[in-house]
Amino acid sequence: WAPYSSTVFAAVTSDGKVHIFDLAANKHEPFCEQKVVKRAHLTHVLFNQYEPVLLVGDNRGGVNSLKLSPNLRKVEPIPVPEPVKGQPRRLPPTRRYVEVAKMDRLLGATDFKIEPTATQELEAAGEGGGVSEDATDAPAPTK
């Protein structure tokens with residue numbers, strides 16, 4: 001995960017590509033991808049904590065450094081609360097608070113479709129394979 005955004009992460013593949021995802025922009029497609037090596041398999045990826053650099057390691061012991069373009073390192077500005085006359089000045093939220101709120105919004109807005117199971121499709125078509133109550137092997141309750 002990127003140290004500057006709670007919704008940006010990188011993934012590497014065995015075919016030598018680095019994929020950068022920004023879940024806030026698109027949950028299903030990478031924001032960008034770059035072929036880094038031709039003959040080796042990428043195995044590790046790490047964001048630099050202080051600089052816009054991504055380190056990528058491969059199965060042959062090689063390490064490549066990639067500088068992230070400005071589009072890949074956009075940081076959401078911290079909103080500054082408006083001063084209200086007669087009330088004490090409020091402090092702006094911290095970067096951590098802003099990033100947690102961004103991820104909460106992302107997780108709260110799920111956009112997945114639940115596919116019906118085969119059993120549900122059969123039941124909807126009137127061919128339900130459900131077990132009727134009188135076909136159970138359960139013993140009758142006793143007093």
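Reply: A salt bridge here is a side-chain nitrogen of Lys or Arg within 4 Å of a carboxyl oxygen of Asp or Glu. The model is a predicted one, in which local features need pLDDT of at least 70 and side-chain atom pairs count only at pLDDT 80 or more, while totals for chains, interfaces and linings use all residues. Residues are numbered from 1 along each chain as its sequence is written, and side-chain values use heavy atoms, with hydrogens and water left out.

Me: OK, how many salt bridges are there in the whole structure?

Reply: The search finds three. In one of them the side chains of Glu33 and Lys17 meet at 3.2 Å, N to O, and this pair links distant parts of the chain, with Glu33 in strand β3 and Lys17 in strand β2, 16 residues apart. Strands (E, at least two residues) and helices (H or I, at least four) are DSSP runs numbered from the N terminus.

Me: Is Glu99 buried or exposed?

Reply: Glu99 is buried, with a relative accessible area of 9%, and Lys102 is buried as well, whereas Arg95 is partly exposed at 29%. Buried means under 20% relative accessible area, exposed over 50% and partly exposed in between, with a 1.4 Å probe and protein chains only.

Me: Changing topic, what's in the largest nonpolar core?

Reply: That core has 14 residues, and those with the most contacts inside it are Tyr4, Val8, Val18, Ile20, Phe47, Leu54 and Leu68. Strands β1 (8-12), β2 (17-22), β4 and β5 (53-58) each supply at least two of its residues. A nonpolar core is a set of buried Ala, Val, Leu, Ile, Met, Phe, Trp, Tyr and Cys residues joined through side-chain atoms within 4.5 Å.

Me: What does Tyr4 touch?

Reply: Leaving out residues up to four places away in sequence, Tyr4 touches Phe47, Leu68, Leu72, Arg73, Lys74, Val75 and Glu99, where contact means heavy atoms within 4.5 Å.

Me: What about aromatic pairs, how many does the structure hold?

Reply: There are three aromatic pairs. The rings of Trp1 and Phe9 have their centres 4.9 Å apart and their planes at 50°, so this pair is tilted. For Tyr4 and Phe47 the centres are 6.3 Å apart and the planes at 85°, so the pair is edge-to-face; it links distant parts of the chain, with Tyr4 in the segment before β1 and Phe47 in strand β4, 43 residues apart. Rings of Phe, Tyr and Trp (its six-membered ring) pair if their centres lie within 6.5 Å, and planes under 30 degrees apart count as stacked, over 60 as edge-to-face and the rest as tilted.

Me: Where do those residues sit, buried or exposed?

Reply: Tyr4 and Phe47 are both buried, whereas Trp1 counts as exposed at 59% relative accessibility and Phe9 is partly exposed at 21%. Trp1, Phe9 and Phe21 form one aromatic cluster.
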